[in-house]
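Reader: I am new to this structure. Can you show me how to read it, feature by feature?

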There are 2 protein chains.
Amino acid sequence: MVFNVTILGCSSATPGWGRGLPAQVVNYNEQLYLIDCGEGTQMQIQKFHLKANRIRYILISHLHGDHYWGLPGLLSSMSLQGRTQPLDLYAPRELAEILTVQFRCTGIVLQFPLHFHALNMEQPTVIIDNEQLSVSTLPLVHGLPTVGFLFREKEKPRNLIKERLPSDLPFEHLKALKRGENVSWQGKLLTASDYTRPPKPLRSYAYCSDTRYHEPLIDHIKQVSLLYHEATFAEDMAARAYQTFHATAKQAATIALKAEVKQLVLGHFSVRYRELAPLLNEARAIFANTAAATDGATFQIA
Amino acid sequence: MVFNVTILGCSSATPGWGRGLPAQVVNYNEQLYLIDCGEGTQMQIQKFHLKANRIRYILISHLHGDHYWGLPGLLSSMSLQGRTQPLDLYAPRELAEILTVQFRCTGIVLQFPLHFHALNMEQPTVIIDNEQLSVSTLPLVHGLPTVGFLFREKEKPRNLIKERLPSDLPFEHLKALKRGENVSWQGKLLTASDYTRPPKPLRSYAYCSDTRYHEPLIDHIKQVSLLYHEATFAEDMAARAYQTFHATAKQAATIALKAEVKQLVLGHFSVRYRELAPLLNEARAIFANTAAATDGATFQIA
């Protein structure tokens, strides 16, 4: 089952060096989740051959303009392109006012239902919860209220080893085995460990941007498969990072190390860095399995 | 003296086929005027190697989103890039509310003075008037209040033919000759036609987008050097053009012909047209000196 993330923009504040403004698309089982929507996101979606109308959810981390100024254009284009499917938008509550004023002044009437969900910016909250996946918020530390997003696969049933099972075993017994319980059948004990295989490990993805270095985050993202953490600055700019509520590459790697994640992707780079090797090297010295985001790159979550 | 226009985006409503959303930069004597500011304008400015901080005026024709959704990002980036020079923004009055709400919710404080001038959307009005150039509005016919913009060079003085002039001719007499008046000096009549050359012809530029075919426009743009007129559709879509308050390429050419302009540039193309040859051919059948806008192209105003 597909679970990956495609970077649409990994610059911060202003675009530069071929890096667009913050936006990325999580694909879970062909359901698309857009995280943040900086100016130009609709162009990046076209450029990287994604289908805007397959986006089912939009999640906005905070209301710095580089994270949402592409939203009115994307919504408007979806409508012009004939979208009728509903779209769920999760964002800080002030975004409703911003969109309402613009749609009123601009005379826009979207041709699809847009469901606005105001985020609780203070407490970790489950915002999307379906059979296979939950998405919850991760409060971060930034210049204005900001949350990250944590995608977790749900507990899956064990897989039956069909060739070992008695052919007439009742359905209820099969379900119990899949839950990992042992069952008795015709005087014989059938153990879950003999008749089922464990499910594939649960996969998870954490998006943490924008934020200062924030240790309380570690418990929430423990052992995630993939962590996207902002790395606006190199370490020689640590004071500036602190002052502007951002993180360095080394700090991102320290979070990854302490949270024992599988892989780290750095993003949200200041335009002062044309080359990212210095940031990547500083991070890899702490946490080896680190990559730098590039626009258009897809990272598998495994 | 430089007088040209560089197209930053010539698509309409949604971007496509390598065409960005409406925006263009008029350069008059190295003073830059940005007309409209669709989403992605700041990226186009970078792409085509213009200097955002040299823009002195921004003019917004109307409040359909494709004409202004790049504005918050551009203003924010100008500020982050250290702009301190004032900027004059001419736009429909509702834009002030839109920007105010966003700046408040986003916590943006621009580091330069932004002077907002609400446009009179009903009457042709001179909005910028300096020694060399005037800019005035041209009310258009569109789905919501919309104006075009007319740039006209001011009447210039005649050029003195210095080698013919008596070396001791008083300054007041020189000024009179430059105004085209004859003067008497030491019993001799010096005629303006003998001692001065006529100034270069006055140049002018009209931006007319978005609009229906609108004949009252013709008087206002009579004999302009360059007319940029929207041509959203080909002629087989004339009914759709009328219904959506847009024009066809043929209608744009008809306006150009009747107004006796020197050159016509078509723009604001619907994304339904990958190739523009059909629109260009329809226009050239009416008005030969027609070009199609392309992003990044600079047209001299002569």
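This is a predicted model: local features need pLDDT of at least 70, side-chain atom pairs count only at pLDDT 80 or more; totals for chains, interfaces and linings use all residues.

Reader: Which way do strands β7 and β8 of chain A run, and how many bridges join them?

Author: The general idea comes before the case. Strands of a sheet pair through backbone hydrogen bonds, either parallel or antiparallel. Here β7 (residues 126-129) and β8 (residues 133-139) of chain A run antiparallel, joined by 3 bridges. For one residue to look at, take V126(A): S136(A) in β8(A) stands opposite.

Reader: What is the order of the 7 strands in the open sheet of chain A?

Author: Read across the sheet: β6-β5-β4-β3-β2-β1-β18. The pairing is mixed. From one strand to the next, the twist averages 20 degrees.

Reader: Which strands stand at the edges?

Author: Those are β6 (114-118) and β18 (298-300) of chain A. Each has a single partner strand, so one side of each has no neighbour in the sheet. Now look at β6(A) with its partner. Strand β5 (residues 87-91) of chain A runs parallel to β6(A), and 5 bridges join them.

Reader: How is chain A divided into domains?

Author: The domain assignment gives domain 1 as 3-156 + 200-300, and domain 2 as 159-197. The C-alpha centres of these domains of chain A are 43 Å apart.

Reader: What rotation superposes chain B on chain A?

Author: Again, the idea first. Two copies of a chain are related by a rotation about an axis and a shift along it. In this model the rotation is 179 degrees, the shift along the axis is 0.1 Å, and the RMSD is 0.3 Å. That is how a two-fold axis relates copies. Both copies use the same surface: 100% of the contact residues of chain B recur in chain A.

Reader: Which residue of chain B comes closest to the rotation axis?

Author: G40(B) does, with its C-alpha at 2.7 Å.

Reader: At what angle do helices α8 and α9 of chain B pack?

Author: Helix α8 (residues 249-258) and helix α9 (residues 277-284) of chain B pack at about 35 degrees. Their axes are 8 Å apart. The crossing of α8(B) past α9(B) is right-handed.

Reader: Which residues of α8(B) and α9(B) meet?

Author: From α8(B) come A249(B), K250(B), A252(B) and A253(B). They meet L279(B), E282(B) and A283(B) of α9(B). By type, the residues of this contact are 5 nonpolar, no polar and 2 charged.

Key:
Residues are numbered from 1 along each chain as its sequence is written. Chains are lettered from A and ligands numbered from 1 in the order in which they are written. Axes are lines fitted to C-alpha atoms, for helices over the stretch in contact, and angles run from 0 to 180 degrees between N-to-C directions. Helices (H or I, at least four residues) and strands (E, at least two) are DSSP runs, numbered from the N terminus. A crossing is left-handed if the near helix is turned anticlockwise from the far one by less than a right angle, and right-handed if clockwise. Two residues are in contact if their C-beta atoms, placed from the backbone, lie within 7 Å. Ala, Val, Leu, Ile, Met, Phe, Trp, Tyr, Cys and Pro count as nonpolar, Asp, Glu, Lys and Arg as charged, and the others, Gly among them, as polar. Two strands pair if DSSP finds at least two bridges between them. Domain bounds come from an automatic or database domain assignment. Copies are superposed by least squares on the C-alpha atoms of residues with pLDDT of at least 70 in both.
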